[in-house]
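User: Please take a close look at one part of this model and describe in a connected way how it is packed.

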Amino acid sequence: MNPQAAVDVNAVVRRLCDRNDPGRTEATVQSDIRLLLIASGLNIADDDILDVTLEAPLGDRRRIDIEIGRTVIEVKRSLASGASLEDATAQLSGYVAQRERQLSQRYVGIVTDGCDWHLFHHVEDGLRPVAVHKADLAYPEPEPLITWLAAVLATQHEVVPTREALSSRLGADSPGHELERVALREMYETNRGNPEIRIKRELWAKLLTTALGTQFGDNEDGLFVEHTLLVATAECVAHAVLGYPITQLTPASLLRGELFGQQSQIHGVVDHDFFDWPLNCGESGTVWIAALARRLQQFDWSNVTHDVMKTIYESVIGVDTRKRLGEYYTPDFLAEAMIEEVVTDPVQMTVLDPSCGSGTFLFHAVRGYLAAAERAGIANGEAVAGVAQRVFGVDVHPVAVTLARVTYLLAIGAERLSASDRGPLRIPVFLGDALQWGQRGDMFASETLNVATSDGAHLFADQLRFPQALLADADRFDALVSDLAETATTREPSSRPTVFASIANRHGLSEADAVTVRATFEAMCRLHDERRDHIWGYYVRNLARPAWLALPDNRCDVLIGNPPWLAYRHMTESMKVIFREMSTTRGLWSGRHVATHQDLADLFVVRAVEQYLRDDGHLAFVMPAGVRTRAQSEGLRAGRYAVGKSDNVCINWRMPWELSDISHTFFPRTACVVFGTRSREGQTLAPQFERWTGKLHNPNADWDSVRAALSRTVQVDESVEATQPLSPYKPIFRNGANIYPRLLTTVKPDVAPPLGAGSGRRAVRSDRGIYAKYAWKTLPDLRGVVEQEFVFPLLMGESVLPFMQRQPMEALLPFDGRKMLDDAGIDAHEGLARWWQAASSLWDEHAVSSLSLQESLDHYGKLSSQYPLSGIRVVCAVSGMHVTACRVTAPDALVEHQLDWAPMRSVEEAQYLCAVLNSAAVTKAVEPYMVSGKGGGRHIGSHLWKLPIPLYDSLNRLHRNLASLGAEAERFVATLEIPEMRAHGRMRARVRECLASSDLGPKIEQAVAELFKMPLRA
């Protein structure tokens, strides 16, 4: 009989949640939990659940209520009291420890009363909490609890790996993931001093710095652990796809992939890499890998219909981390659409994604090739061999490479891979820097491939060189490098000449080639002697294939992908130097006021075309939407790029896809897709574009499902940016000071001491506002009694409404009206010194900036340059989709960085400018320049001064009329009753609504519209 049919699971869960049931006992709770486990589809039979009685060392008898597989559950009538949980955890600890000792397998424990479920894992000194699930007493639905238990117990089999199933069982919010992550982090902390683990961690960090610039921090141990978990997961999945029983394989087989080559003749999927360090951790590493394999064994990996590795990555790495590192992968529907657009003959065209990420484009290119091969009647063995000669991927991110390799394998599919006619296969996805930082012109400056530099962008300083001719045969080259690496680690110190002679003979090296390779072998031996040898063979083999793809005869027909989006301001200093030099050579460097906004994506596209795309080959790249119009991408739009004194790379740009209206649903920045063809002359990016609009209900849907929901219309864009600002107000306005974080700098009155604060002193505490982020949101307020002279009125974003300055905030600053005080100056003031010592300590501990707190406050002189304070000023907030401006009525107030400010020559000029800036006409005029974001356009201030807003002229009738309207608007807004709202953006919107519905608003709009038709006054 089906137990699910015999048990009302909903009723069981309702009973478990009802702690107030008078008939409730520990026995009834235990009985209901047993029923739930058996009847809820967790693949648990009655025989699988054990009651265990354990003789504890002290002689008292302890009863463990339920044991399932490698999980033990301690049941209590109620855990409403904290003492009950503490007692139950102590009871459970000894049993879990003994089970782990007996079976050399990881055991976990759960303490529950049926309503609250506390998950623990075992460490040397007892149980450590991992996750908690609390049932909703108001809505005691069984599904959330069953999903949580499924992730912990991992007892189900043949689960279809849908996005939902992967997220609930393996995602960052699942208890299963947390178990694996916590155990792996503790193992890393215990073994981090191991030399091999240390060098792998260092090399991983260097590669990610190359990929991500300053977005990648110095202290990223947590991310290293997350990446290790991801890669180990991917490598287990790779074995499972081919039908290997992963719970029966040795940990070394799973993480180093020996069986792929030895048994299946599939190479380049799993390798000795940065992330097999758990194998260096003894029994704890073995136990951890085995537990991970058991968790993954529950899925049916032969049943994969999407880019599963992208789903796992996005489930494991949190949104905040992905946003910080710029790691957002292309949705499947868009990758499919782009492949369909440019890969018009899949069987004949070669396709390369030079920044392949988790392999989304590769997945759809492989599927497209195999479908076309099947239609053409090509046999399976020939098709599988053919796709590896047609579809290639490269990425500098070591995690991405592993995920993409498994994605490639999944795209081919277990049925094709296991067919009897499938021959040897090498997965063509490689770790390498497609941009080739620091290279000049062709990647081969001589007849050798050089794997070396010590400029911070590469991995090691020893020169590893290989004759170019050896790269022609991939298998031969791989075998040679593997032989060199293996021999360097096993030879006797004195046997180098003899063993190298054997290598040269074995691989048929010519005398000239042997001289070069011998020097490389000597370098590998030195690396081994310094205990830094483990990774080099892996790295060199991966670098070789991108080098081979860059040779003129091997260039591809189609370049496609989503290049790295990395702003110049986030690059490391060494990256900035090379980026600027390479961009300047190719005519991509714009500099001036847009320098910090220049993006690596522009250079990446040109460099990829330069190296990898044949003449008349096609390209398609997902790019930031601004490349179509922004000044910083003017060089990219030109279509002609110098790469030497007499050599150019040229692109005929085709009509792009503008995705701004939908891309905010899957990217943090809006996007477009650019298309082009490598040519001899080049053609600029024309203003015509295809705009995609519509409701994207599910960004994870396939292209056939999405295309019907989208409208695609051809439009002409006349908003390409001018390289110079049009309005003379541009150089007058300045950004306010970095009064940040508010916890340390902005204050509000505090309760005065019982005997008062003393003359010239005030009691204050932190005023952190409602938008605090990161650590500043959770740290306790600072409090102190400080000198009044250092408390300044401060205008912040919330201080400004259209035509109205609200009450200023207050800031405590070590500033004397001319300059920031140095340490000695601060110490001369007792109250300030106490506050600043505490503030500076918190800043040093939690800030990501390399500046001191004082330096940050006056960075670029944005604080001191406000003095002497101008008698008449205008401030405006320009970070959103509207400008909000007002005349400053607090003459002694400082201005904070959320606002821009400018001195005015007269009150009339200030009122004139406020009338212009607060108008809807300004927003409408700027819209064509703006990149849309969630909820509309963003950062209007980046484009505001491209409008022809002339300087105020008191002799101009229209200017005087606008000044009069501005004065009238000030009086009108002052009469409004605007309720205090938590979000000041809503208060601004209310003022705009009131103005628009009045007689005054339309008059202002008409006058501003007339102003924009007038020529600028010289």
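His959 is buried, at a relative accessible area of 3%; buried means under 20%, exposed over 50% and partly exposed in between, with a 1.4 Å probe and protein chains only. The model is predicted, and local features need pLDDT of at least 70, side-chain atom pairs count only at pLDDT 80 or more, and totals for chains, interfaces and linings use all residues. Residues are numbered from 1 along each chain as its sequence is written, and side-chain values use heavy atoms, with hydrogens and water left out.

His959 lies in helix α35; helices are DSSP runs (H or I, at least four residues) numbered from the N terminus. Apart from neighbours within four places in sequence, His959 is in contact (heavy atoms within 4.5 Å) with Tyr912, Pro950, Leu951, Tyr952, Asp953 and Leu1011.

Tyr912 belongs to helix α33. The axes of α33 (residues 907-917) and α35 (residues 957-974) come within 7 Å and cross at roughly 80°; axes are lines fitted to C-alpha atoms over the stretch in contact, with angles from 0 to 180 degrees between N-to-C directions. That makes α33 roughly perpendicular to α35, a term for angles of 65 to 115 degrees.

From α33, Glu908, Gln911, Tyr912, Ala915 and Val916 meet His959, Leu962, Ala963, Gly966, Ala967 and Glu970 of α35. The residues of this contact comprise 6 nonpolar, 3 polar and 2 charged. Here Ala, Val, Leu, Ile, Met, Phe, Trp, Tyr, Cys and Pro count as nonpolar, Asp, Glu, Lys and Arg as charged, and the others, Gly among them, as polar.

Terms used
Helix = DSSP H or I, 4+ residues; strand = E, 2+ residues; numbered from the N terminus. Parallel < 35°, antiparallel > 145°, perpendicular 65-115°, else oblique.
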